[in-house]
Amino acid sequence: MRTLLVVGIGAGDPDQLTLQAVRALERTDVFFVLDKGPAAGDLTALRREILDRHLGEGTYRLVEAPDPPRDRTPSDDRSTAGRAAYAVAVDDWHARRAALYEAMFLDELDDEGTGAFLVWGDPSLYDSTLRILERVAARGKVAFEHQVIPGISSVQALAAAHRLVLNGIGTPVTITTGRRLAESGFPPDVDDLVVMLDGDTAFTTLTSTHADAEADLHIYWGAYLGTDDELLIHGPLPDVAATITRTRADARHRKGWIMDIYLLRRTPR
């Protein structure tokens, strides 16, 4: 039976791979990569750098396929209808990815072969690979077993870069998305909020619409964590929000893509 490995590879530094992950790379016959277009070419290049570092240049087989386009029209609509349309768009995107995965497995992986997906950060946190593999299995056209190798998440990389403990003493830390932050604001019963997948700098809505309530928020922001392009900014949210927004826009224009994350921390008055 085919075996699929879902390998967490950290936030970008080839040295962030665990020994378990390296062993998984060593027993892989085919590495599957979805090509997100020229603007995100660095992401494929980083995967190649990781494989070159740990396996040796030219010693592995990489199979690339274009990532099915996703309808992003509903992304900025925060209404109930907009949220429903967003869910439908993501579901359709995942369905087309599942069909592509299925074809790749049948065409490129022997019946007893081992294939792998190299997943940024950790496969359990805001990544769709495992859900899509479940869809492929449910389609019933290709039999496989799959294993998950955990990785260092961008949450951990952010905390390390800023030398942070994510939670207060005896208190929880909440992880959410930029979309949810923009819809609901900073939760009143939360002190430490990690925000991922924020393409629209949702933290700026806090400084503009909740100035009094959010004046005590401190932000720890990071982009391209673990790479040579790493960017870090922190400070009181009202003081550094504009700097982060400008820095983020400049970096995205320069590279064509950006992956960033931040912690919002409520500080005592």
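**Pocket first.** I started with the lining of the second largest pocket, which splits into 5 nonpolar, 3 polar and 7 charged residues. For these classes I count Ala, Val, Leu, Ile, Met, Phe, Trp, Tyr, Cys and Pro as nonpolar, Asp, Glu, Lys and Arg as charged, and the others, Gly among them, as polar. The lining has 15 residues, and Gly-12, Leu-46, Glu-49, Thr-227 and Asp-228 sit nearest the centre of the pocket. Helix H2 (residues 41-55) gives the largest share of that lining, 5 residues. I noted a volume of about 220 Å³ for this second largest pocket.

**Ground rules.** This is a predicted model, so I keep in mind that local features need pLDDT of at least 70 and side-chain atom pairs count only at pLDDT 80 or more, while totals for chains, interfaces and linings use all residues. Residues are numbered from 1 along each chain as its sequence is written, and side-chain values use heavy atoms, with hydrogens and water left out. Pockets and cavities come from a 1 Å grid over the protein atoms alone: a cavity is a set of points where a 1.4 Å probe fits but cannot get out, a pocket is an open set with protein on both sides within 12 Å along at least five of seven lines, and lining residues have an atom within 4 Å of a point. Grid points are joined across faces, edges and corners, and a volume is the space filled by probe spheres set on the points. Helices (H or I, at least four residues) and strands (E, at least two) are DSSP runs, numbered from the N terminus.

**Cavity.** I searched the whole structure and got 1 cavity of 30 Å³ or more. The largest cavity has a volume of about 30 Å³. Its lining includes Ala-11, Trp-120, Tyr-224, Trp-257 and Met-259. By class I get 8 nonpolar, 2 polar and no charged residues there.

**H1 against H2.** Helix H1 (residues 19-26) packs on H2 at about 90°, with the axes 10 Å apart; axes are lines fitted to C-alpha atoms, for helices over the stretch in contact, and angles run from 0 to 180 degrees between N-to-C directions. The two helices are therefore roughly perpendicular (65 to 115 degrees). Val-22, Leu-25 and Glu-26 of H1 meet Ile-50, Leu-51, His-54 and Leu-55 of H2, contact being heavy atoms within 4.5 Å.

**Parallel sheet.** I traced 5 strands in an open sheet, order S3-S2-S4-S1-S5, with parallel pairing (DSSP must find at least two bridges between two strands). Strands S3 (62-66) and S5 (144-149) are the edges, each pairing on one side only. S1 (residues 2-8) and S4 (residues 114-119) share 6 bridges, and Leu-5 has Ala-116 as its bridge partner in S4. Helix H4 (residues 129-139) lies across S1, S4 and S5, at about 170° to S5.

**Mixed sheet.** Another open sheet of 5 strands reads S6-S7-S10-S8-S9, with mixed pairing. Strands S6 (174-177) and S9 (231-236) each have a single partner strand, so one side of each has no neighbour in the sheet. S8 (residues 217-223) and S10 (residues 260-266) pair in the antiparallel sense over 7 bridges, and in S10 the bridge partner of Gly-222 is Ile-261. Helix H9 (residues 237-255) packs on this sheet, touching S8, S9 and S10.

Methods
Angles under 35 degrees count as roughly parallel, over 145 as roughly antiparallel, 65 to 115 as roughly perpendicular and the rest as oblique.
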